[in-house]
Amino acid sequence: MPKSELVENLDLDNYKYGFVDSESHVYRTKPGLDESIVREISRHKEEPDWMLEFRLKALKVYESKPMPTWGGDLSDLEATLNEIYFYVKPQEQTERSWDDVPDNIKNTFERLGIPEAEQQALAGVGAQYESEMVYHSLKEEWASKGVIFDSIEDGLKNHPEIFKEHFGTIIPTADNKFSALNSAVWSGGSFVYIPKGVHLKTPLQAYFRVNQERMGQFERTLIIVEEGAQAHYIEGCTAPVYSTDSFHSGVIEIVVKKDARFRYTTIQNWSNNMYNLVTQRAVVQENATMEWLDGNLGSKLTMKYPSCYLTGKGAHGSIMSIAYAGSGQHQDTGGKVVHAAENTTSSIISKSISKEDGRSSYRGLCKVHEGATGSRSNVECDALLINNTSRTDTYPYIEVDEKRATVGHEATVSKVGDEQLFYLKNRGLSEEEAMALVVRGFIEPIAKELPLEYAVELNRLIELEMEGSVG
Amino acid sequence: MSNAPALEIQGLSAKVADEDTAILKDLDLVLEPGQIHAIMGPNGSGKSTLGKVLSGHPSYQVTGGEVLYLGQSILDMEPDERALAGIFMAFQYPVEIPGVSIANFLRTAVQARLERGEELDLFDFQDQLLEAMELLEVEPSFAERPVNDGFSGGEKKRNEILQMAVLKPSLAIMDETDSGLDIDALQVVSKGVNTLHEQNPEMTILLITHYQRLLDYIKPDLVHVMVDGKIVRTGGPELALELEKQGYANWKVSS
């Protein structure tokens, strides 16, 4: 079998979440965006005045910023943004009991494996459908210790002081065009508070689903991890396949306080008509550790660079990412680390697989401020190309203003080698099995860090389609 | 078919696929089941090419002749089909497969040998693997290491014979298995091959080697001298000793 034909058989592009649920919502704004829509959203959420002001100001910032041209191709996005619904309200409130979630939405999530996930060892589960969290629950064991795991709206309503103290401070509205857009129209997302010294033994999980065609989802998540606390948050994202483009632009703000430890895992598996432009940032204080584990498998274009601002002495940031770019996909991903205190350490490991005309870009920043003595950073990016038409680029930006700091960068590009395939075939593996084994080996360092069900999912995604095979 | 030789090469000619120069020129060779043959020859004689052609390497093209394995032509078979039919090649330069453990790789290879729908018995597999590792004198943790990744020359060769022990081929082609081995590793590897041959006397082995040294440990039934793409002399093990003394210089005649 010629190589081009057998990579066709790689099952990477088999998207099983593309089903459409019947449309249902209690309210939606008209397509496009203007001030009246921002006011509508705020009114529906019965927000305090300061939040409406915040939104309106953000809208102006958004309108004043040009479309970025440094990354993926956004030339069609302007038109898309005029056609999409910025706010779609699926039901009146966030339910605490799964039984109260409307049947059609419940069915959708059940098809996606939620709340089965909850019955497994999870501390809490949230589910966002269109623009709102339809369900949020936290095990009593953790609620009684003061852990908060709520929709972001309930966070604002029920914990206004701590909310206001942090909201918009880690990622300012004007950080970039899409953080400004999110600040204007945000809806849904999680509010997480882990009290001092509490160690969550099992992860919190949030699931994001877009069902509506021409929909924009703008979740906003704020996570505060108090001193010495530890937790892990997982988010998963899927959408139906439509011929028109959809848009997802989240803002995730995290504070990891002294001696605390936090991990944020994303498995983004949007359909291939989704623009996915997300801003994620953590401020990491003294001796604290922040870990981003970022899997980008779906979407049309993803631009996402999880960031760690290491502001306290001895803080550690780690960003591990895996990107898969199949035909028609561009994954422009990477990470940012900013060393702003002594003896801070960071590590970025980025792996990408490009198939057919898929394109993956590593884009990363490592900045060491003057005075961040004894800081160390290491960046490693490896790209695997499946076909001759596949593409990968590396854009590492390194700015070091401190002599007494160590920064390393290593980048490799490899193709699935003919000699590797020959060797494996020589042991009786078919070419498809051989290809899958090489790809699986390539992602193994990251796959082994994933929660089991996501590792299985990732492996399923790279499994080969074997004609006539059972199961 | 039961009387057919394990390997019968008739007038085989071959070249690198996108070049014109012939490397194998009208080569004949017959191995009966259970026999051990050694092919010796100077660098560039084409002996490694023979191994690659027999295992179906895509970079080489057969331009004439026939290769019969147990009476059946294998020239139209893919490398994996040849492997599943029982042909195994121990590579001179085993390839690294980062991130894939030896255990995982071998499990996939053993699974590939089962009937469709048949599930590998993991306990059986584990036993086979442990037994093979004991034979090759490697620690049990060896199987958890990624295939050949960061291995020393000796570890790579042990890994080749380890795979041979688990996959149990009926025809093993060993390409310069002795190269890069110190004397201790050579003894371990040779002992491994001899044990496998004792356990399965029907296993046929073709040793491709530059040096006589390997043949101190693995006793061939016949030794062939290959020069310029063909067998120029065949004899008993004493032929290897003769070569060791005289070198290959006398044989470089036809070119």
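Helices α5(B) and α6(B) run roughly parallel to each other, since the angle between them is about 10 degrees and angles under 35 degrees count as roughly parallel. The structure is a predicted model, with an ipTM of 0.95 and a pTM of 0.83.

- The axes of α5(B) and α6(B), the latter spanning residues 183-199, lie 10 Å apart.
- On the α5(B) side, the residues that meet α6(B) are Gly154(B), Lys157(B), Arg158(B), Ile161(B), Met164(B) and Ala165(B).
- Their counterparts in α6(B) are Ala185(B), Val188(B), Val189(B), Gly192(B), Val193(B) and Leu196(B).
- By type, the residues of this helix contact comprise 8 nonpolar, 2 polar and 2 charged.

**The contact between chains A and B**
- Chain B contributes 25 residues to the contact and chain A contributes 20 residues.
- In chain B, the elements giving two or more residues to this side are α2 (79-85), α3 (102-112) and α5 (153-167).
- The side of chain B that touches chain A consists of 16 nonpolar, 6 polar and 3 charged residues.

**Chain A**
- Chain A contains 13 helices and 24 strands.
- Its radius of gyration is 22 Å, close to the 23 Å given by the globule rule for 471 residues, so chain A is as compact as a globular protein of that length.
- Of the 471 residues in chain A, 54% are buried.
- Among contacts in chain A between residues at least 6 apart in sequence, 82% link residues at least 24 apart.

**Confidence in chain B**
- The average pLDDT of chain B is 92, and 97% of its residues score at least 70.

Methods. Residues numbered from 1 in each chain as written. Chains lettered and ligands numbered in written order. Predicted model: local features only at pLDDT ≥ 70, side-chain atom pairs only at ≥ 80, totals over all residues. Contact = placed C-beta atoms within 7 Å. Helix = DSSP H or I, 4+ residues; strand = E, 2+ residues; numbered from the N terminus. Nonpolar A, V, L, I, M, F, W, Y, C, P; charged D, E, K, R; others polar. Axes fitted to C-alpha atoms, helices over the stretch in contact; angles between N-to-C directions. Parallel < 35°, antiparallel > 145°, perpendicular 65-115°, else oblique. pLDDT = per-residue confidence, 0-100. Rg over C-alpha atoms; globule rule 2.2 N^0.38 Å. Buried ≥ 20, exposed ≤ 12 C-beta atoms within 10 Å, placed from the backbone.
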